[in-house]
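Here is a friendly briefing to read alongside the model. Have the sequence and the 3D view open as you go.

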Amino acid sequence: MRADATRNLERVLSTGARMLADDPSATIAAIAAAAGVDRRTVYRRFASREDLMAAVYTARYDAVEEAVEAARLREAPVAVALHRYVEGIIAVNREWPVETSRMLREVTLRERRRRLIDEVDAFLQRATDEGLLRSDLPPGWVAAVLSPLMEHAAEDLSELSAAQAADVVVDTLLRGVGTPQAR
């Protein structure tokens, strides 16, 4: 693909992610206009709005996979890997703010999603085994709590960098929200 076509595609996908997050009924024409490309350019690449949405979801998953890989969940020290993972996912959530519940219905992403969940679950088990996380919690609890923390940090802590927001999330995960006297 030519460099300008690649840039146009990236603009369409990132603009589409933002617009669809704000308005799930955004049209291809509106997305094209906001991305600064002709709508015919978008229609040449995507036959339908659903095809465009699937491409946005795929781009988001590509970014999530890159963040998981960069975190080095299997080999980095667990505290370092946890922070890298959280920081990376916050950055992805900010760059690709699509409604994830709709994305979960995308059939082509199910296997990729399952692999990512398994990898994160294995990492969280490693973090538990190495003593970073409590071992007395119900199975799946840490993952269930961590995901919305990262989503909220991406949205609600927009004045912080992804690294600073990750500091807040990791501290909240590891120390909770109670005061030292309450513990």
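D62 forms a salt bridge with R112, with the closest N and O atoms 2.5 Å apart; a salt bridge here is a side-chain nitrogen of Lys or Arg within 4 Å of a carboxyl oxygen of Asp or Glu. The pair links distant parts of the chain, since D62 sits in helix 4 and R112 in helix 7 (residues 110–129), 50 residues apart. This is a predicted model, in which local features need pLDDT of at least 70 and side-chain atom pairs count only at pLDDT 80 or more, while totals for chains, interfaces and linings use all residues. Residues are numbered from 1 along each chain as its sequence is written, and side-chain values use heavy atoms, leaving out hydrogens and water.

**Overall picture**

- The chain has 9 helices and 0 strands; helices (H or I, at least four residues) and strands (E, at least two) are DSSP runs, numbered from the N terminus.
- Along the principal axes, the C-alpha atoms fill a box of roughly 60 × 30 × 30 Å.
- By the salt-bridge rule, the count comes to 9 salt bridges.

**What the UniProt record lists**

- An unreviewed UniProt entry lists "domain: HTH tetR-type" at residues 6–64; such positions are in the numbering used here, feature names are shortened, and annotations may be inferred rather than shown by experiment.
- Over residues 6–64 the chain is 81% helix and 0% strand, and the end C-alpha atoms are 20 Å apart.
- The unreviewed entry in UniProt also lists a "DNA-binding region" at residues 27–46.
- Residues 27–46 are 75% helix and 0% strand, with end C-alpha atoms 12 Å apart.

**Helix 1 with helix 4**

- The axes of helix 1 (residues 3–22) and helix 4 (residues 49–71) come within 9 Å and cross at roughly 100 degrees; axes are lines fitted to C-alpha atoms, for helices over the stretch in contact, and angles run from 0 to 180 degrees between N-to-C directions.
- Helix 1 and helix 4 are therefore roughly perpendicular (angles under 35 degrees count as roughly parallel, over 145 as roughly antiparallel, 65 to 115 as roughly perpendicular and the rest as oblique).
- V12, L13, G16, A17 and L20 of helix 1 meet R49, L52, M53, A55, V56 and A59 of helix 4, where contact means heavy atoms within 4.5 Å.
- The residues of this contact divide into 9 nonpolar, 1 polar and 1 charged; Ala, Val, Leu, Ile, Met, Phe, Trp, Tyr, Cys and Pro count as nonpolar, Asp, Glu, Lys and Arg as charged, and the others, Gly among them, as polar.

**Helix 5 with helix 7**

- Helix 5 (residues 78–95) and helix 7 pack at about 145 degrees, with their axes 10 Å apart.
- V78, A81, L82 and Y85 of helix 5 make the contact with V120, F123, R126 and A127 of helix 7.
- By class, the contact of helix 5 with helix 7 has 7 nonpolar, no polar and 1 charged residues.

**Helix 8 with helix 9**

- The axes of helix 8 (residues 141–156) and helix 9 (residues 162–175) come within 10 Å and cross at roughly 150 degrees.
- Helix 8 and helix 9 are therefore roughly antiparallel to each other.
- V142, V145, L146, L149, M150 and A153 in helix 8 meet A165, V169, T172 and L173 in helix 9.
- The contact of helix 8 with helix 9 has 9 nonpolar, 1 polar and no charged residues.
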